[in-house]
Amino acid sequence: MKIELMVIGKTSARYLQEGIDNYVKRTNYYMPFDIRYIPDIKSTKAMTEEKQKEKEGELFLNALTPGDVLVLLDERGKEMTSREFASYIDRKSVTVSKRLVFVVGGPYGFSPAMYERADDKISLSKMTFSHEMVRLFFVEQTYRAMTILRGEPYHHD
Ligand SMILES: C[S@@+](CC[C@H](N)C(=O)[O-])C[C@H]1O[C@@H](n2cnc3c(N)ncnc32)[C@H](O)[C@@H]1O
């Protein structure tokens with residue numbers, strides 16, 4: 001199984017990008033893991049929030065291939081501890097033969113079509129984070145999950 005984090009637009013904050021690159025590299029030691037950057041959509045000022053979500057959703061959905069398992073990162077999704085998230089990845093590694101694709105939504109969240117296609121929805125907290133911050137939090141949690149599954153002394157609870 002390969003894990004992919006799909007996001008819209010590049011990470012503009014350098015302090016976040018450095019951390020993201022660091023955890024992606026560390027996670028790859030355990031499992032293939034990559035970030036897929038979907039190019040930002042243009043002329044969003046002329047669009048309603050709904051239209052922007054719809055356009056972003058189309059780009060996300062076009063980037064998927066049959067067999068991809070799609071998990072939305074969404075503050076209204078299922079909350080887990082880090083150990084529960086590690087078990088979740090472990091279970092998926094048995095059933096998912098290709099890609100487990102996590103997605104961070106745009107500034108207004110996801111379109112109805114994305115919710116319809118999604119296999120799961122996971123929350124990192126009840127609080128709302130910026131779409132760029134979520135990238136860093138997620139990659140760190142994925143790295144943490146790998147170390148939990150290997151019994152390595154990174155996670156303490
Ligand atoms: C600024 S938030 C969008 C908030 C928007 N009001 C909504 O209803 O989804 C941008 C994206 O970051 C991600 N996100 C923000 N906070 C999150 C959290 N606590 N857990 C998981 N994902 C989160 C989600 O993918 C969300 O679509």
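## Burial and the basis of the model

A residue is called buried if 20 or more other C-beta atoms lie within 10 Å of its own, exposed if 12 or fewer do, and partly exposed in between, with C-beta atoms placed from the backbone. With 16 C-beta neighbours inside 10 Å, Met 31 therefore counts as partly exposed.

The structure is a predicted model, in which local features need pLDDT of at least 70 and side-chain atom pairs count only at pLDDT 80 or more, while totals for chains, interfaces and linings use all residues. Residue numbers start from 1 along each chain as its sequence is written.

## Overall architecture

The protein chain contains 5 helices and 5 strands. Read from the N terminus, their order is β-α-β-α-β-α-β-α-β-α. The radius of gyration of the protein chain is 15 Å, close to the 15 Å that the globule rule gives for 157 residues, so the chain is as compact as a globular protein of that length. The radius is taken over C-alpha atoms, and the globule rule is 2.2 Å times the number of residues to the power 0.38.

Along the principal axes, the C-alpha atoms of the protein chain fill a box of roughly 50 × 35 × 25 Å. Of the 157 residues, 27% count as buried. Two residues are in contact if their C-beta atoms, placed from the backbone, lie within 7 Å. Among contacts between residues at least 6 apart in sequence, 85% join residues at least 24 apart.

## Helix H5

Helix H5 (131–149) has 19 residues and reaches 27 Å from its first C-alpha to its last, close to the 27 Å expected at 1.5 Å a residue. The expected span is 1.5 Å times one less than the number of residues. Buried residues of H5 include Val 134, Phe 138, Tyr 143 and Ile 148. Their cover includes strands E1 (2–8), E2 (33–38), E3 and E4 (99–104), together with helices H1 (14–27) and H3 (82–95). After H5 comes Gly 151, whose phi is positive, near 70°.

Met 146 is another of the buried residues of H5. Leaving aside neighbours within four places in sequence, Met 31 is in contact with Met 146 and Ile 3. Met 31 itself lies in the loop between H1 and E2. Its C-alpha atom is separated by 9.9 Å from that of Ser 93, 62 residues apart along the chain.

## The shell around the ligand

The ligand is surrounded by 18 residues, the closest being Leu 73, Glu 75, Gly 105, Gly 109 and Leu 124. A residue is near a molecule or strand if its C-beta atom, placed from the backbone, lies within 6 Å of it. Strand E3 (69–79) and H5 each supply at least two residues of this shell, and E3 gives the most, with 3 residues. The shell divides into 9 nonpolar, 7 polar and 2 charged residues. Here Ala, Val, Leu, Ile, Met, Phe, Trp, Tyr, Cys and Pro count as nonpolar, Asp, Glu, Lys and Arg as charged, and the others, Gly among them, as polar.

## Annotated positions

The UniProt annotation "binding site", from an unreviewed entry, covers Leu 73, Gly 105, Leu 124, Ser 125, Lys 126, Met 127, Thr 128 and Phe 129. UniProt positions are given in the numbering used here, feature names are shortened, and annotations may be inferred rather than shown by experiment.

Gly 105 is found in the loop between E4 and helix H4 (112–117). Gly 105 is buried, with 21 other C-beta atoms within 10 Å, and touches Phe 110 and His 131, not counting residues up to four places away in sequence. Lys 126 lies in the loop between strand E5 (120–123) and H5, and is exposed because 8 other C-beta atoms lie within 10 Å.

Terms used:
Helix = DSSP H or I, 4+ residues; strand = E, 2+ residues; numbered from the N terminus.
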